[in-house]
Amino acid sequence: MKIGLRQYWNLLVDYLKPQKGRVIKFAIALLASIRLQLVNPQILRYFIDTAVAGGSGRNLLLAALLFIAVAVITQLITIIATYYGENVAWRATNALRADLVEHCLKLDLSFHKYTTPGELLERVDGDVHTLSQFFSNFSIYILGNLLLMLGVILVLFAEDWRAGLAIAFFALIALSTLIRLRSIAVPYWRTYCQISADFFGFVGEQLVGMEDIRANGAKSYVMQRFHKILQGWLPVYHQARFASTILWATTNGIFTLGTAIALSVGAYLWWYCKTYLLIYLRDNY
């Protein structure tokens, strides 16, 4: 079953709506952190330009102190944003757990007959715990970094349209590549979660019927099934981890390429400005 972005969005809204106050505080802290991350490089630029131009030591000292102060405040605000994000995530997932338990209690007995308690435990607690990362990490890392990226692009456009255009083009290519590559790991991790649920369902079932297993001499049969599940679980885990490693390597490769592009654009602009200045001095003096 393929879940669309609209369903993810509806899930996010339904469980975040009761926490409006915390979400607003989290959003304020996140936006403030992003704003300070955009301001600090400007302070560093002013420090470098002043030092190169032979500015006063007093201005350099003030710029250095301001840079340190902004960096410390940014870290403090990031901690506050992380706190509110995790708090919202835990409250949202606890509410989701309660809804899932209530839903399971209302299901027909035939469902509980063919679904083991261990599998229910893995689905209600394990899968929902994974969703807690969706409620927190989505806001902190994905949304926050998207806003930061947009801010950086806008600042670069304000400085020089060529730098802004180069980084904006690279960002679009990188995002489209990562979105396409995410489908590589999803099927393997879906299979992994299913085997995990089957495993805990099997363990829970055998623990409940331990006395009957010993009385009927079925210990060897149970152990044979136990090892069979583990043997099927291990290769799926390796495949899922390998797919995630491909995504990790691709992400690092894209980051390295972005760094190379940024340095190349900076070197080109430095050469261009230097050449233009030399021509201007030659023609006018």
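## Overall composition

Of the 285 residues in the chain, 28% count as buried, a term that means under 20% relative accessible area, with exposed meaning over 50% and partly exposed in between (1.4 Å probe, protein chains only). The model is predicted, and local features need pLDDT of at least 70, side-chain atom pairs count only at pLDDT 80 or more, and totals for chains, interfaces and linings use all residues. Residues are numbered from 1 along each chain as its sequence is written, and side-chain values use heavy atoms, with hydrogens and water left out.

The chain contains 8 helices and 0 strands; helices (H or I, at least four residues) and strands (E, at least two) are DSSP runs, numbered from the N terminus. Read from the N terminus, the order of elements is α-α-α-α-α-α-α-α.

## Contacts and surface

Among contacts in the chain with a separation of 6 or more, 79% join residues 24 or more positions apart; a contact means heavy atoms within 4.5 Å. The chain exposes about 19,900 Å², of which carbon and sulfur atoms supply 69%. Accessible areas come from the Shrake-Rupley method with a 1.4 Å probe, and for residues only the protein chains shown count as cover.

## Helix α2

Helix α2 covers residues 20-52, and its 33 residues should span 48 Å at 1.5 Å a residue; the end C-alpha atoms are 49 Å apart, which agrees. The expected span is 1.5 Å times one less than the number of residues in the helix. Buried residues of α2 include Phe-26, Leu-30, Ile-34, Asn-40 and Thr-50. Just after α2, Gly-54 adopts a positive phi of about 75°.

Thr-50, which is placed in helix α2, counts as buried because its relative accessibility is 10%. The side chain of Thr-50 reaches the backbone oxygen of Tyr-46 at 2.7 Å. When neighbours within four places in sequence are left aside, Thr-50 is in contact with Gly-55, Asn-59 and Leu-60.

A search of the whole structure finds 1 salt bridge, defined as a side-chain nitrogen of Lys or Arg within 4 Å of a carboxyl oxygen of Asp or Glu. Glu-102 forms a salt bridge with Lys-106, and the closest N and O atoms are 3.3 Å apart.

Both residues belong to helix α3 (residues 57-106), where Glu-102 and Lys-106 lie 4 residues apart, about one turn of the helix. Glu-102 counts as partly exposed because its relative accessibility is 41%, whereas Lys-106 is exposed, with a relative accessible area of 67%.

Terms used:
A polar contact is a pair of N or O atoms within 3.5 Å; within protein, one must be able to donate a hydrogen and the other to accept it, and residues adjacent in sequence count only if both atoms are side-chain atoms.
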